[in-house]
Amino acid sequence: MKNLSIRLKITIWFSAILVLVVGITFTTIFWINRSVMQKNIKDNLIKTVEDNVDEVEFFDSLNEDSIDYDGDIYISYKDGLLEIDDDFLDKVNGIITALYSENGTLLY
């Protein structure tokens, strides 16, 4: 490095600092992007689950007259019926939701 001209030394130092600054900038941008994506995915999942909770109802007993055949799905569960509205969102923005019983059996 002693035989190099001052112009070449300054260019090498400037290039090294520039590469370092660009590397730090890219690392920061990728880290922020990952954080924002994870927050968006988490928020979408929470919103989807909150919306779907309102679409499932449990009835202890349900007579034939009270069943409306408008696309709702009825599943026998324990000593009653689960009514799953046709508004139940099973797939939204790549998020797939399912309904499981407390022992892990897939219901819907």
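Buried means under 20% relative accessible area, exposed means over 50%, and partly exposed is in between, using a 1.4 Å probe and protein chains only. The model is a predicted one: local features need pLDDT of at least 70, side-chain atom pairs count only at pLDDT 80 or more, and totals for chains, interfaces and linings use all residues. Residues are numbered from 1 along each chain as its sequence is written, and side-chain values use heavy atoms, with hydrogens and water left out.

View 1. Asp86 belongs to the loop between E3 and strand E4 (91-92). With 48% relative accessibility, Asp86 counts as partly exposed. Between the C-alpha atoms of Asp86 and Thr28 there are 44 Å, and along the chain these two are 58 residues apart.

**View 2. Here is the whole protein chain.** The chain has one helix and five strands (helices are DSSP runs of H or I with at least four residues, strands are runs of E with at least two, and both are numbered from the N terminus). Along the principal axes, the C-alpha atoms fill a box of roughly 95 × 30 × 15 Å. Of the 108 residues, 16% count as buried. The chain exposes about 8900 Å², and carbon and sulfur atoms supply 61% of that area (accessible areas come from the Shrake-Rupley method with a 1.4 Å probe; for residues, only the protein chains shown count as cover).

**View 3. A nonpolar patch lies on the surface.** Phe14, Leu18, Val22, Phe26, Ile29 and Phe30 make up this patch, and together they have about 630 Å² of accessible area. Patches are made of residues with over 30% relative accessible area and no salt bridge; like charges are joined within 9 Å, and nonpolar side chains (Val, Leu, Ile, Met, Phe, Trp, Tyr) within 5 Å. One member, Val22, is found in helix H1 (residues 6-53). Val22 counts as partly exposed, at 37% relative accessibility.

View 4. Side chains of opposite charge can pair when their charged atoms come close. A salt bridge is a side-chain nitrogen of Lys or Arg within 4 Å of a carboxyl oxygen of Asp or Glu, and by this rule the count comes to three. Lys39 and Asp43 form one of them, at 2.8 Å from N to O. Asp43 is partly exposed, at 35% relative accessibility. Asp51 and Lys47 form another, at 3.0 Å from N to O. Asp51 has a relative accessible area of 30%, so it counts as partly exposed.

**View 5. Lys78 and Glu102 form a salt bridge****.** The closest N and O atoms of Lys78 and Glu102 are 2.9 Å apart. Lys78 lies in the loop between strand E2 (73-77) and strand E3 (80-84), and Glu102 in the segment after strand E5 (95-96), so the pair ties together parts that are 24 residues apart in sequence. Lys78 is exposed, with a relative accessible area of 59%. Glu102 is exposed too, with a relative accessible area of 67%.

**View 6. Thr97 is a buried residue****.** Thr97 is placed in the segment after E5. Its relative accessibility is 12%, so Thr97 counts as buried. A polar contact of 3.1 Å joins the side chains of Thr97 and Asn52 (a polar contact is a pair of N or O atoms within 3.5 Å; within protein, one must be able to donate a hydrogen and the other to accept it, and residues adjacent in sequence count only if both atoms are side-chain atoms). Leaving aside neighbours within four places in sequence, Thr97 is in contact (heavy atoms within 4.5 Å) with Thr48, Asn52, Phe88, Leu89 and Asp90.
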